[in-house]
Amino acid sequence: MSAQQTALNDLSVLYKHTLPSYLHTDSLGPWNSYLQQIDRVAPYLGSLSRWIETLKRPKRILIVDVPIKMDDGTTSHFEGYRVQHNTARGPGKGGVRYHEDVTLSEVMALSAWMSIKNAAVNVPYGGAKGGIRVNPRKLSRSELERVTRRYTSEIGIIIGPNTDIPATDVNTDEQVMAWMMDTYSMNIGQITTGVVTGKPVSLGGSLGRREATGRGVFTVGCEAARRIGLNIKSARTAVQGFGNVGGIAAKLFVEAGAKVVAVQDHTGTLYKPSGIDAYALLEHVTEKGGVTGFAGAESIADDDFWGIESDILIPAALESQINEKNASRIRTKIVIEGANGPTTPIADDILRENNVLVIPDVVANAGGVTVSYFEWVQNFSNFFWTEDKINKRLECVMREAFSSVWQVAQENNVSIRTAAYIIACKRILLTCEMRGLYP
Ligand code: NAD
């Protein structure tokens, strides 16, 4: 399918946004998962529900062509997106993903989840997200730099420190953020560190940002475990995705005394009931690019990962990984969503029926955007905080957010996800109502 066809198909998905909620199917992709989540929260919003249509439409979508000169002298074109879902509460905020399967509807969903997440943890941002349909592993370093710089120039018309602030996501790192910051700054003729977050510390990045999402996953994991009487010291964790989020979260759980019994990434699946050495595995992944070939655990079939018994399951890779096909096989007590959108609405229902507590992405992985917010604030003041201060403030935000959603969930007898959406949607829609419509 050509990139243009993909975009058109995606747009037709957008205009199916009024899809009735009885049409329960997982095959419609992340944007429809998001729409179903919004339908579920509507009855709890009182009079604010009259504004809910706002949440079902992204505010602004930009599709860009990213042509670059390859090292062999030929020209390649990649398709890029930047979607601003909602900016009622502040500038758009959300990462940029480099992946050959990125689609517009996926970026739309990711941008919408950012609106919900930022409101759920009460950072003063709207939601946005970006992506390029590219496999960065197939590019040389200089090609990757050219893709990044051209994409940044193309979306430069809508991003900025007061309008929309990109950050890292799957397959983008501190170096990519440094190139984005430099390109934007060169184009406007002014150093603008606050245009992106997740930068290297030497370029205005924040201490603690790299570990922030994994640290937040760990913090809410401990809060959830405490509430259901699960002892972290004897907990068995299974982790899908061993990158920035999954790798750091696994390390922190091990430091707290837990065991990592299974790990899966795009290269394979490992299993060791007595506990995988997470530090050695992190080194192996840095060296080899994936978990495959690690000698300290048994290699098993990818699909078997979902049947492994654990106490805490952390999906920290991509969307829709827990779905109607595997949800009923999952044997765990708590799912902590490190990834964005890893559980489809049908799977969510199955897990709830099976008494599995799901801590949703919009709370569980909000540590990243929280420290991004700290980074942005530090960039505006050019005054930098210590790592200890950042970690303490992060913990405080995460605990407070968790405690509020837990309480709303108990009061309304709803899932933690619906509770988080109740809090977030009320915050966003109240702002919409107070701001009113222009003109
Ligand atoms: P990353 O690129 O550092 O790591 C991604 C991991 O997922 C890798 O281990 C990769 O091998 C694995 N993976 C990819 N495809 C897979 C597949 N098909 N099956 C199994 N594993 C697969 O990315 P990251 O930053 O850790 O992001 C992971 C998830 O967390 C994404 O959903 C992202 O949107 C979300 N997230 C990231 C941050 C952040 O600060 N980095 C913040 C919030 C949410």
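Predicted model: local features only at pLDDT ≥ 70, side-chain atom pairs only at ≥ 80, totals over all residues.
The domain assignment of the protein chain places domain 1 at residues 3-197 and domain 2 at residues 210-361.

Where the two domains meet, 19 residues of domain 1 are in contact with 15 residues of domain 2. About 1400 Å² of area is buried between domain 1 and domain 2, and carbon and sulfur atoms give 44% of that area.

## The nonpolar cores

The largest nonpolar core holds 93 residues, and among these Tyr34 and Ile336 touch the most other members. Because domain 1 (3-197) and domain 2 (210-361) both give residues to this core, it lies between them. Apart from this core lies another one of 25 residues, which includes Val66, Ile68, Ile132 and Val134.

When neighbours within four places in sequence are left aside, the contacts of Tyr34 are Leu55, His85, Ala112, Trp113, Ile116 and Tyr421. Three of these names, Ala112, Trp113 and Ile116, return in the next section as residues of helix H3 that take part in its contact with helix H2.

## Helix H2 against helix H3

Two packed helices are described by the angle between their axes and the distance between the axes. For helix H2 (residues 30-41) and helix H3 (residues 104-120), the packing angle is about 35 degrees and the axes are 7 Å apart. On the H2 side the contact is made by Pro30, Trp31, Ser33, Tyr34, Gln37 and Ile38, while H3 contributes Ser105, Glu106, Met108, Ala109, Ala112, Trp113 and Ile116.

Leaving aside neighbours within four places in sequence, Ser33 is in contact with Trp113, Thr344 and Pro345. Ser111 lies in helix H3 and, at 0% relative accessibility, also counts as buried. Not counting residues up to four places away in sequence, Ser111 touches Val83, His85, Gly127, Ala128 and Lys129.

## Gly92 in strand S3

Gly92 has its place in strand S3 (residues 92-99), and its relative accessibility of 0% puts it among the buried residues. Beyond the residues up to four places away in sequence, Gly92 touches Thr87, Gly126, Gly127, Ala128, Thr163, Asp164 and Ile165. By contrast, the C-alpha atoms of Gly92 and Ile308, which are 216 residues apart along the chain, are separated by 39 Å.

Arg352 has its place in helix H9 (residues 345-353) and is partly exposed, with a relative accessible area of 42%. Leaving aside its neighbours within four places in sequence, Arg352 is in contact with Asn413, Val414 and Ser415. The C-alpha atoms of Arg352 and Val414 are separated by 10.0 Å, although the two residues are 62 residues apart along the chain.

Asn413, one of these contacts of Arg352, has its place in the loop between H12 and H13. Asn413 is exposed, with a relative accessible area of 63%.

## Backbone points to check

Most residues other than glycine have a negative phi, and most peptide bonds are trans. Against that background, Asn413 has a phi near 50 degrees, a positive value in a residue other than glycine. Asn382 likewise has a positive phi, of about 50 degrees, although it is not a glycine. Asn382 lies in the loop between helix H11 (367-381) and helix H12 (387-412), and its relative accessible area of 58% makes it exposed.

The peptide bond from Tyr438 to Pro439 is cis, with omega near 0 degrees. Pro439 lies in the segment after helix H13 (416-435).

How values were computed. Residues numbered from 1 in each chain as written. Heavy atoms only, no water. Core = buried A, V, L, I, M, F, W, Y, C linked by side-chain atoms within 4.5 Å. Buried < 20%, exposed > 50% of the residue type's maximum accessible area, 1.4 Å probe, protein only. Domains from an automatic or database assignment. Contact = heavy atoms within 4.5 Å. Axes fitted to C-alpha atoms, helices over the stretch in contact; angles between N-to-C directions. Helix = DSSP H or I, 4+ residues; strand = E, 2+ residues; numbered from the N terminus. Buried area = accessible area lost by both parts, 1.4 Å probe.
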